[in-house]
Amino acid sequence: MCGIVGYVGRSAATPVLLSGLRRLEYRGYDSAGLSIQEGKSLLSLRAVGKVARLADKVRAEWSEDRQSKCSVGIAHTRWATHGAPTEANAHPHADASGRIRLVHNGIIENYRVIRAKLEAKGHVFSSETDTEAVSRLIGEYYKGDLRKAVISALRQIEGAYGIAVISADEPGRIVVARKGSPLVIGVGEGECLVASDPSALISHTRRVIYLDDGDVALVTADSVDITDLNHAPMDRDVAELEFEAGAVEKGGYAHFMLKEIHEQPESVRNALRGRLDLLNGTAVLSGMGATARELIELQRIVMVGCGTSLHAGMVGDFAFEDLAAIQAEVQPAAEFRYRNPLVDGRDLVVAISQSGETADTLAAVREAKEKGAMVMGLVNVVGSTIAREAGRGVYLHAGPEISVASTKAFTGQVAVLLLMALKLGRGRRLSRERGLALAGEIGRLPELIEAVLKQDSAIAKVAESMAKHEHAFFLGRGPMHPVALEGALKLKEISYIHAEGYHAAELKHGPIALLTPGMPVVVLANRSSVLEKTIGNAEECKARGAHIIAIVTEDGPEVAIADEVIIIPDCDPLIATIPAVVALQLLSYHVARLRGCPIDQPRNLAKSVTVE
Ligand code: M6R
């Protein structure tokens with residue numbers, strides 16, 4: 001969604017801001033803008049569309065010499081919520097005097113009230129945004145101290161925000177604040193950066209300060225001074241970013257999605273590193289922060305997440321019940337707090353999120369804590385809000401996921417959920433023997449994924465027929481049902497083909513009416529106790545002229561009705577969810593490529609959904 005970058009230092013701010021914005025393009029946006037300090041005045045430019053258009057404007061309007069003298073600025077990519085993607089609605093927004101500029105992520109819930117009050121005082125708004133109410137309110141309070149004015153304004157505001165503000169009257173300073181929208185400050189040598197996402201600042205510094213909700217920071221080239229909204233000083237640690245700048249580059253791949261698909265042997269290896277106990281057939285997950293007794297006494301596991309993370313939770317559901325004999329359920333995070341959930345101190349609520357910033361998942365974490373449940377995060381982005389608020393958790397260590405379509409996060413999430421199920425299982429009903437066998441299989445995951453990746457060109461061939469269609473079904477049973485849902489999500493998200501994931505047995509209860517001759521039906525037909533049933537369901541489609549693409553087990557039972565097959569290595573049916581999903585990721589990727597789609601940034605989508 002929206003992205004923020006700020007720079008204060010000794011170099012020209014504009015190139016730093018533009019390259020930071022480019023790093024944030026993956027989050028999804030529809031307009032961009034920036035403001036820089038030039039002596040005691042501000043220069044601003046905004047553009048609808050890509051950052052490249054903003055960069056063209058910068059080149060056309062500001063000479064390099066002029067830019068080189070401006071070493072402070074803020075910039076933004078906007079994903080429209082209040083008002084269409086127009087130049088007037090793009091950030092930065094100004095106060096009435098035009099001497100203050102602000103960029104904002106999040107949603108101001110009481111902006112109408114503030115706007116009405118300001119209009120009654122004579123303000124004439126130039127945009128339809130909620131943000132302009134904040135920039136104008138700051139201007140109202142400004143009496144020569146920007147931080148004070150920001151604090152006074154924020155105390156009037158309800159909603160979520162990450163903001164960065166500059167004033168023409170305070171050269172060399174940026175004021176930033178957050179509540180509900182992430183902000184990180186990069187601390188360099190004689191320069192500081194601010195960003196909504198560390199990937200925008202990694203090429204400058206690895207030393208970062210994550211702001212907490214309620215923090216307001218005054219940032220200069222050499223200092224970061226943090227207070228709360230009552231002006232009380234706050235101490236925040238400087239952390240070291242774990243990933244390298246190269247992790248947010250394509251590294252020779254045509255798309256980030258393809259790179260991330262191919263990174264999965266390594267990302268899953270990282271998720272497993274130091275966590276598999278192959279001697280005792282169990283897992284070591286200190287981040288769960290629970291004693292053996294607490295784990296034994298757990299009454300239920302409730303997983304919450306959205307989109308791909310929700311699908312990972314659905315696989316976890318099978319793993320927990322099968323391996324650990326513990327009641328498990330998965331709830332869409334968006335639903336959790338509104339249904340007044342039944343959870344208490346004997347329940348473990350697992351919040352699953354790649355970004356750790358998804359608004360609905362964060363709200364579920366807060367609700368679960370409120371109800372006294374044990375809460376843990378299963379998160380990829382280190383230092384993200386969910387990771388910090390959950391208090392305990394297990395990181396995926398998948399590295400930055402840039403493509404909007406989530407791939408390596410899913411396999412990391414499932415791998416960690418399998419570890420959790422193994423650990424809980426060994427404390428409950430799982431024998432050492434079964435534990436050892438499973439631990440061995442989990443340890444093979446990187447090589448199982450490699451085996452699928454080797455079939456890239458065969459899968460690309462299968463994609464050729466699929467790319468010509470506008471509709472597709474994905475069918476699976478048991479733990480392959482969520483894989484079918486995930487396969488369909490991947491396809492629709494990046495290729496714009498209408499795809500439905502279904503439990504294989506559910507098709508004949510209605511959706512089969514949609515089948516037309518030649519329609520692609522992807523069937524997850526790996527070796528499992530329900531294979532015969534799945535094949536039976538596929539037969540029903542075949543009888544109606546469907547084109548069957550079967551995901552089958554190497555040297556496993558034949559699926560004679562399949563028109564095309566993709567082979568995954570033989571492994572435990574729970575573990576097979578990972579190689580199977582990798583095959584479906586590649587299939588979707590190649591279909592989208594053949595259809596000429598903008599794979600890494602599909603229309604209308606944002607990488608991190610920070611609004612409800
Ligand atoms: O960052 P999160 O895992 O919380 O994100 C949840 C969903 O928005 C995300 O998985 C989304 O469905 C992906 N674009 C799917 O590829």
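Q: How closely do the axes of helix α8 and helix α14 come, and at what angle do they cross?
A: In this predicted model, the axes of α8 (residues 264-272) and α14 (residues 408-426) come within 9 Å and cross at roughly 30 degrees. The crossing is right-handed.

Q: Which residues of α8 and α14 meet?
A: From α8, Gln264, Ser267, Val268, Ala271 and Leu272 take part. They meet Lys408, Thr411, Gly412, Ala415, Val416 and Leu419 of α14. By class, the contact of α8 with α14 has 6 nonpolar, 4 polar and 1 charged residues.

Q: What makes the pair glutamate 132 and arginine 136 a salt bridge?
A: The N to O distance between their side chains is 2.8 Å. The cut-off is 4 Å between a side-chain nitrogen of Lys or Arg and a carboxyl oxygen of Asp or Glu, so the pair qualifies. Glutamate 132 and arginine 136 are 4 residues apart in helix α5 (residues 131-141), about one helical turn. Both residues are buried.

Q: Why is the contact between glutamate 493 and lysine 490 called a salt bridge?
A: The closest N and O atoms of glutamate 493 and lysine 490 are 3.8 Å apart, and the limit is 4 Å, so the contact counts. The two residues are 3 apart in helix α18 (residues 480-495), again about one helical turn.

Q: Why are glutamate 493 and lysine 490 called buried?
A: Buried means under 20% relative accessible area. Glutamate 493 has 14% and is therefore buried. Lysine 490 has 1%, so the term applies to this residue as well.

Q: What parts of the chain does the salt bridge between aspartate 212 and arginine 388 tie together?
A: The closest N and O atoms of aspartate 212 and arginine 388 are 2.2 Å apart. Aspartate 212 lies in the loop between β11 (207-210) and β12 (216-219), and arginine 388 in helix α13 (residues 385-390), so the pair ties together parts that are 176 residues apart in sequence.

Q: Why do aspartate 212 and arginine 388 count as partly exposed?
A: Partly exposed covers the range between the buried cut-off of 20% and the exposed cut-off of 50%. Aspartate 212 has 27% and therefore falls in this range. Arginine 388, at 31%, does so too.

Q: How many salt bridges does a search of the whole structure find, and which residues are linked in a network?
A: The search finds 36 salt bridges. Arg178, Asp213, Arg366 and Glu389 are linked in a network of them.

Q: What makes β23 and β26 edge strands?
A: The open sheet has 5 strands in the order β23-β22-β24-β25-β26, with parallel pairing. β23 (498-503) and β26 (564-568) each have a single partner strand, so one side of each is left without a neighbour in the sheet. Neighbouring strands are turned by 20 degrees against each other on average, direction ignored.

Q: How do you know that β22 and β24 pair?
A: Pairing requires at least two bridges, and β22 (residues 471-476) and β24 (residues 520-525) have 3, in the parallel sense, so they pair. Leucine 475 stands opposite valine 523 in β24. Helix α19 (residues 531-542) lies across β22, β24 and β25 (547-553), at about 170 degrees to β24.

Q: What makes strand β4 mostly covered?
A: Of the 7 residues of β4 (residues 72-78), 7 are buried. Val72, Ile74, His76 and Arg78 point one way, and Gly73, Ala75 and Thr77 the other way. β4 pairs in the antiparallel sense with β1 (residues 3-8) over 6 bridges, and with β2 (residues 31-38) over 6 bridges.

Note on methods
Residues numbered from 1 in each chain as written. Predicted model: local features only at pLDDT ≥ 70, side-chain atom pairs only at ≥ 80, totals over all residues. Heavy atoms only, no water. Axes fitted to C-alpha atoms, helices over the stretch in contact; angles between N-to-C directions. Contact = heavy atoms within 4.5 Å. Left-handed = near helix turned anticlockwise from the far one by under 90°. Nonpolar A, V, L, I, M, F, W, Y, C, P; charged D, E, K, R; others polar. Buried < 20%, exposed > 50% of the residue type's maximum accessible area, 1.4 Å probe, protein only.
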